[in-house]
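Reader: I am new to this structure and would like to go through it step by step. Could we begin with the terms and then turn to the chain itself?

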Amino acid sequence: MKGFKIAIATKDKEPEDLILIGKDVDIQYNHDDSANDEQKIIESVDIFFDTIDDNVRNKSSGMLAKIEIKGVIPRDEPELMRKFLKLSEWARDNSSDTQYRNICIAVKGSDNSFLRVYSIKNVFIVDYREVYVLDGTNGKDRFELYLTQKEDNMDKIEVLKDWPSEWDWARRG
């Protein structure tokens, strides 16, 4: 696995609300050439389709999509730090128009192809954590983002092999 590209957007697709992290498989869509370490920011993505009640007797609407994204915070990259500010703002967002967002998560299988792409609608932040470590210690600044899809939206998940055309507007950032 060669990395991730993640796009998080409000439903109205406002470019100023877009949060785009990671590198694309197609160089023409890499939005910031100055941030060479951007492909190493996200260290892991866990997508989990969770049955809410483990003692369920039929599937019906008892499932949620849960997402965990973890990685490092590039403190020395001001442009990338703005993206973490946007994540923090979203975590505290109580507006009914913007607290639920759509996310596209691309897993790079190689430098020039995606292994899997998930497009999940109506997600919200359950928990968001930023941890900063004192210089000279062994730790790294890091973040953890925990998302859940709004209930009864499992039909709004696509699992693809390439970046979806619905997200082309966000691919470059």
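Author: A pocket is an open set of grid points where a 1.4 Å probe fits, with protein on both sides within 12 Å along at least five of seven lines. The model to which this is applied is a predicted one.

Reader: How much space lies in the second largest pocket, and which residues are the closest to its centre?

Author: The space in the second largest pocket comes to about 180 Å³. Its lining is made up of 13 residues, and those closest to the centre are I73, R75, D135, K140 and D141.

Reader: How do the residues of that lining divide into nonpolar, polar and charged?

Author: Asp, Glu, Lys and Arg count as charged, while Gly is counted among the polar residues. On that basis the lining of the second largest pocket holds five charged residues, three polar and five nonpolar.

Reader: In what order do the elements of the chain run from the N terminus?

Author: The chain has eight strands and two helices in its secondary structure. Read from the N terminus on, their order is β-β-β-β-α-β-β-β-β-α.

Reader: Why can the chain be called as compact as a globular protein of its length?

Author: For 173 residues the globule rule gives 16 Å, and the chain is as compact as a globular protein of that length because its radius of gyration is close to this, at 16 Å.
The C-alpha atoms, taken along the principal axes, fill a box of roughly 50 × 35 × 30 Å, and the radius of gyration of the chain is 16 Å.

Reader: What percentage of the residues in the chain is buried?

Author: A residue counts as buried when its relative accessible area is under 20%. Of the 173 residues in the chain, the buried ones make up 42%.

Terms used. Residues are numbered from 1 along each chain as its sequence is written. This is a predicted model: local features need pLDDT of at least 70, side-chain atom pairs count only at pLDDT 80 or more; totals for chains, interfaces and linings use all residues. Side-chain values use heavy atoms; hydrogens and water are left out. On a 1 Å grid over the protein atoms alone, a cavity is a set of points where a 1.4 Å probe fits but cannot get out, and a pocket is an open set with protein on both sides within 12 Å along at least five of seven lines; lining residues have an atom within 4 Å of a point. Grid points are joined across faces, edges and corners, and a volume is the space filled by probe spheres set on the points. Helices (H or I, at least four residues) and strands (E, at least two) are DSSP runs, numbered from the N terminus. The radius of gyration is taken over C-alpha atoms; the globule rule is 2.2 Å times the number of residues to the power 0.38. Buried means under 20% relative accessible area, exposed over 50%, partly exposed in between (1.4 Å probe, protein chains only).
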